[in-house]
Number of protein chains: 2
Amino acid sequence: MTHEHISHASVTMSARRVGVDTYQELVVYMRRDCAVCRSEGFTAQARVQLDCGPRRIIATLNVVDDWLAEGQAGLSESAWAALQPTEGASLLVSHAPSLDSLSHVRAKVYGHRLGGDAFRAVVGDITAGRYSDLHLATFITACAGDHLDLAETVSLTRAMIDVGDRLDWGRGRVVDKHCVGGLPGNRTTLLVVPIVAACGLTMPKTSSRAITSPAGTADTMEVLAPVDLDIAAMRRTVERTGACIVWGGSVRLSPADDILIRVERPLDLDSEGQLVASVLSKKAAAGSTHVLIDLPVGPTAKVRSAEAAQTLGRRLVEVGRAIGLEVALRVTDGLQPVGRGIGPALEARDVLAVLRRQADAPDDLRQRALRLAGDILELGGAAPAGTGLDLATEVLADGRAWAKFAAICEAQGGLREVPLASHRRVIEAPSGGRITAIDNRVLSRAAKLAGAPKAAAAGVDVHARLGDIVRPGQPLFTLHAQAPGELAYARQYIETRPPIFQISEVS
Amino acid sequence: MTHEHISHASVTMSARRVGVDTYQELVVYMRRDCAVCRSEGFTAQARVQLDCGPRRIIATLNVVDDWLAEGQAGLSESAWAALQPTEGASLLVSHAPSLDSLSHVRAKVYGHRLGGDAFRAVVGDITAGRYSDLHLATFITACAGDHLDLAETVSLTRAMIDVGDRLDWGRGRVVDKHCVGGLPGNRTTLLVVPIVAACGLTMPKTSSRAITSPAGTADTMEVLAPVDLDIAAMRRTVERTGACIVWGGSVRLSPADDILIRVERPLDLDSEGQLVASVLSKKAAAGSTHVLIDLPVGPTAKVRSAEAAQTLGRRLVEVGRAIGLEVALRVTDGLQPVGRGIGPALEARDVLAVLRRQADAPDDLRQRALRLAGDILELGGAAPAGTGLDLATEVLADGRAWAKFAAICEAQGGLREVPLASHRRVIEAPSGGRITAIDNRVLSRAAKLAGAPKAAAAGVDVHARLGDIVRPGQPLFTLHAQAPGELAYARQYIETRPPIFQISEVS
């Protein structure tokens with residue numbers, strides 16, 4: 001179907017920015033009685049194609065009764081950003097072409113295997129913005145759980161790499177790491193990158209924002225420095241410091257992933273195939289050659305058992321091999337939160353304490369980061385086998401890691417102050433005894449209800465750890481929020497759940 | 001979580017009708033800088049609870065930059081209809097409570113079986129309007145294809161019956177029929193109901209609007225008489241005439257189904273479990289005791305093979321037995337469209353031609369309806385076994401069926417004129433020969449692109465049938481549309497597909 005065909009049925013309207021934030025769904029508002037709605041037969045939730053100069057989007061129609069003049073097409077904030085018209089600019093409006101790739105999505109829903117062409121067609125249409133949020137939800141659900149096999153996961157990963165930009169650093173080994181989330185506060189990346197870069201390795205780190213967690217690495221890094229760098233700015237940072245920690249979405253590496261994540265977030269679904277494709281497409285597109293994957297395992301972490309870690313790890317290694325990435329794994333303890341803070345600002349505070357070698361720095365976070373950095377130093381050839389941990393420890397202890405981190409933040413746009421939440425509430429131990437279990441999922445949920453990650457200072461600050469003996473009334477954790485409503489909501493949630501900390505009487 | 005708890009975090013705002021038709025998704029618009037957004041920490045696409053007197057909804061938030069005054073909450077048309085405030089009325093606004101039933105939806109996505117409690121929780125929350133469109137899409141996808149087993153289908157059906165009203169006619173056997181769609185123009189219900197009622201049986205028919213087809217029975221009936229009857233009006237119609245043909249959604253029988261259908265429609269997914277639950281929950285809630293299911297089978301019909309019909313038929317009979325309904329089946333020929341029209345008004349025209357015994361009435365539609373009516377007359381005890389077809393034929397031929405149909409239309413609010421489309425395009429045979437195949441799916445899609453069912457007069461009028469010998473240039477079918485853009489769009493679609501009619505040279 002050529003553009004010429006479509007233009008037979010298109011009409012010119014004038015663009016108006018209506019200032020509605022639809023959480024990135026592209027929406028166009030048109031009067032029910034306007035000439036276009038009448039002659040073209042558009043009805044509510046129709047999919048409409050809009051052309052403005054060289055830019056084209058497919059938007060969902062919301063029909064309005066007034067507040068727009070005849071001939072005006074109102075654009076949501078996301079549609080305005082995508083089309084970039086001026087106020088009153090001419091838009092060519094037509095029915096969206098029928099979306100053939102949806103037949104592949106349906107086939108997947110019905111349990112069929114999809115080939116490479118199918119994934120290319122689906123991912124291409126997703127990246128071009130042709131899928132409505134409902135279509136995205138269906139694709140995500142159809143691929144969730146273990147519904148994608150190895151070949152399908154490889155196909156999805158390749159399709160996601162191919163639709164975006166791909167970096168080439170021209171430097172031989174380029175290292176990277178990724179932590180499969182689910183463990184609140186596990187913010188080792190912000191420590192590993194400066195340690196490794198201080199030893200001369202190249203580590204251009206792109207990180208994601210939170211999908212289902214209270215903070216992604218990019219959310220936490222953003223508390224300390226800008227992360228919305230374009231590829232030129234990212235390249236300058238890496239050339240100057242050997243590393244960077246930026247948000248992957250802003251550099252258009254695997255842009256399909258960013259679109260999927262937007263809908264995955266409210267759905268809160270785990271998906272092995274999409275997890276692998278998301279992680280590895282970002283790594284490959286970022287030009288990495290050697291990647292360490294951190295797999296925290298625990299009953300309330302994202303990966304709940306050693307067997308699940310093995311299955312997921314094998315899939316990561318196999319897909320990596322298929323697309324030319326060497327993937328190494330480290331299974332870590334996922335029994336309890338790492339560090340003390342859960343939420344962007346509280347986690348950033350923990351990271352700074354470790355880098356600055358403060359006496360009160362959380363030692364578990366420090367130890368985890370050193371082990372992972374040691375692995376990467378060996379994987380990247382900067383340390384002989386068995387000596388990576390020692391080198392990492394030395395570089396953190398002598399201040400080179402902190403100097404490197406400060407240099408990275410400066411190169412990305414300047415080191416920032418960590419904000420403090422305006423509303424807090426301490427939650428105390430109802431009885432005395434030994435802490436025998438901590439529910440990471442409920443803690444994460446409480447941090448999210450308190451406003452994290454959108455409100456950077458919001459979250460949970462944890463004061464007690466597994467094995468600690470506590471008195472009745474001793475603080476277990478503190479809720480941090482930027483708004484009283486969110487604080488109340490998080491408290492309410494906690495009060496209606498079984499206790500987050502299990503405390504057993506000490507005999 | 002009690003209402004008292006929630007009210008701690010709620011704020012009062014004033015209702016404003018903003019006249020946006022969001023295709024029934026409940027949306028609330030609030031200023032980014034309003035006191036509530038700031039103090040409560042609402043962000044775009046948050047789920048917000050709104051109370052207005054005794055009414056409560058959960059709506060999706062769209063944040064706006066201006067066009068609302070401080071303290072105003074703008075309501076979409078659907079939210080306005082659900083809350084029924086007056087302009088400026090006080091609304092209590094708070095965060096939506098967390099939605100625990102989503103954990104069941106996730107379990108289903110991951111391939112787990114759900115029990116009765118899980119379906120009751122999910123269906124209860126759906127009916128209460130607590131699911132966003134994304135959540136609905138995920139639930140529909142998770143249950144699609146053959147993902148629900150017998151016990152789950154029974155549980156879903158029971159849950160859908162229990163959340164709505166259930167009618168009791170106090171009359172012994174109450175008969176009903178349902179056609180599992182996919183066959184364009186198969187509008188036998190409008191003939192079967194008056195035939196059966198003219199023989200004294202009780203047939204309170206509730207029908208659905210189109211889900212993925214160009215017209216549902218309710219859409220076609222609406223061309224001829226009002227179908228949005230409440231239960232009192234439906235009861236009056238049945239008391240006066242022994243029957244009715246109304247839209248199931250307006251009488252709140254299985255209200256969850258109406259919510260699911262709204263999202264199923266744009267997704268266009270087949271789902272055996274949801275199909276069975278949808279059909280049987282409506283029948284049980286309507287007070288039926290004996291139900292005939294018409295299963296048209298053909299390579300491009302909804303049910304594509306005799307085996308698929310058997311599987312689906314068995315599931316319908318088994319679930320029927322579990323909920324106390326006697327279900328009989330008739331597998332019919334689904335090779336080609338029934339009658340000539342595809343689309344509400346064109347199908348209504350065919351129905352009237354049969355009832356009025358016009359010489360040009362489509363005989364295939366007439367024959368199908370008589371066979372089904374014969375089955376029901378026997379199932380309902382109005383005709384001895386083997387004599388149903390003769391009785392049905394007699395009642396149609398002597399005008400009693402037409403008189404009964406006119407009486408039903410009058411009782412529902414008055415017989416209407418059939419509208420004609422303002423834009424038409426004849427599609428001719430490109431070559432001469434015998435018609436050896438017709439692609440029902442592409443014909444249906446063309447009718448939908450032409451505007452059906454929203455534009456009642458839109459659709460496709462088919463002039464040739466399987467086995468016919470045609471000349472080059474002979475009309476095969478005519479596209480009908482209410483808008484030139486839709487006519488062009490349907491033509492465009494047809495032009496980019498393989499031929500809908502396969503014509504083989506006659507040797």
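Start at Arg357(A), which is partly exposed, with a relative accessible area of 42%. The model on screen is predicted. Arg357(A) sits in the loop between helix 14 (344-355) and helix 15 (363-379) of chain A. Check its backbone. Phi is positive, about 55°, although this residue is not a glycine. Most residues other than glycine have a negative phi.

Select Asp268(A) next. Here phi is about 60°, again positive in a residue that is not a glycine. Look for Asp268(A) in the loop between helix 11 (255-267) and helix 12 (272-285) of chain A. How exposed is Asp268(A)? Its relative accessibility is 24%, so it counts as partly exposed, given that buried means under 20% and exposed over 50%.

**Zoom out to chain A**

Along the principal axes, the C-alpha atoms fill a box of roughly 80 × 55 × 45 Å.

Now colour by burial. Of the 507 residues, 60% count as buried. Switch to a surface. Chain A exposes about 18,300 Å², with carbon and sulfur atoms supplying 49% of that area. Then colour by charge. Chain A has 56 positive and 57 negative charges, and their mean positions lie 2 Å apart.

Contacts come next. Take those between residues at least 6 apart in sequence: 79% of them join residues at least 24 apart.

**Helix 6 of chain A**

Select residues 133-143 of chain A, which form helix 6. Why is this helix described as largely enclosed by the rest of the structure? Because 11 of its 11 residues are buried. Show the side chains. Among the buried residues are Asp133(A), His135(A), Phe139(A), Ile140(A) and Cys143(A). Step just past the end of the helix to Gly145(A), where phi is positive at about 60°.

**Val291(A) and its neighbours**

Move to strand 11 (residues 290-297) of chain A and pick Val291(A). Its relative accessibility is 0%, so Val291(A) counts as buried. Which residues does Val291(A) touch, not counting those up to four places away in sequence? They are Asp176(A), Lys177(A), Lys283(A), Leu325(A), Glu326(A), Val327(A), Ala328(A) and Leu379(A). Draw a distance to one of these, Glu326(A).

Go to the loop between strand 9 (203-207) and helix 9 (217-224) of chain A, and select Ser213(A). At 24% relative accessibility, Ser213(A) counts as partly exposed. Draw a line to Arg187(A), 26 residues away along the chain; C-alpha to C-alpha, the separation is 12 Å. Then show the contacts of Ser213(A). Leaving aside neighbours within four places in sequence, they are Lys448(A) and Pro453(A).

Follow that second contact. Pro453(A) is in the loop between helix 18 (440-449) and strand 16 (459-462) of chain A. What kind of peptide bond joins Ala452(A) and Pro453(A)? The bond is cis, with omega about 0°. Most peptide bonds are trans.

**The annotated C-terminal stretch**

Keep chain A and select residues 434-501. UniProt lists this range as "domain: Pyrimidine nucleoside phosphorylase C-terminal", in an unreviewed entry. The stretch is 32% helix and 28% strand. Its end C-alpha atoms are 10 Å apart.

**Across to chain B**

Now find Pro453(B), in the loop between helix 18 and strand 16 of chain B. The peptide bond from Ala452(B) to Pro453(B) is cis, with omega near 0°.

Select helix 18 of chain B itself, residues 440-449. Seven of its 10 residues are buried, so the helix is largely enclosed by the rest of the structure. Those residues are Asn440(B), Val442(B), Leu443(B), Ser444(B), Ala446(B), Ala447(B) and Leu449(B).

What covers the buried residues of helix 18?

- strand 13 (341-342), included in the cover
- strand 15 (433-438), also included
- strand 16 (459-462), also included
- strand 18 (475-481), also included
- helix 19 (484-495), also included

Note on methods: Residues numbered from 1 in each chain as written. Chains lettered and ligands numbered in written order. Predicted model: local features only at pLDDT ≥ 70, side-chain atom pairs only at ≥ 80, totals over all residues. Heavy atoms only, no water. Buried < 20%, exposed > 50% of the residue type's maximum accessible area, 1.4 Å probe, protein only. Contact = heavy atoms within 4.5 Å. Areas by Shrake-Rupley, 256 points an atom, 1.4 Å probe, with all protein chains shown as cover. Lys, Arg positive; Asp, Glu negative; His and termini not counted. Charge placed at Lys NZ, Arg CZ, Asp CG, Glu CD. Helix = DSSP H or I, 4+ residues; strand = E, 2+ residues; numbered from the N terminus. UniProt positions renumbered as here; feature names shortened; annotations may be inferred.
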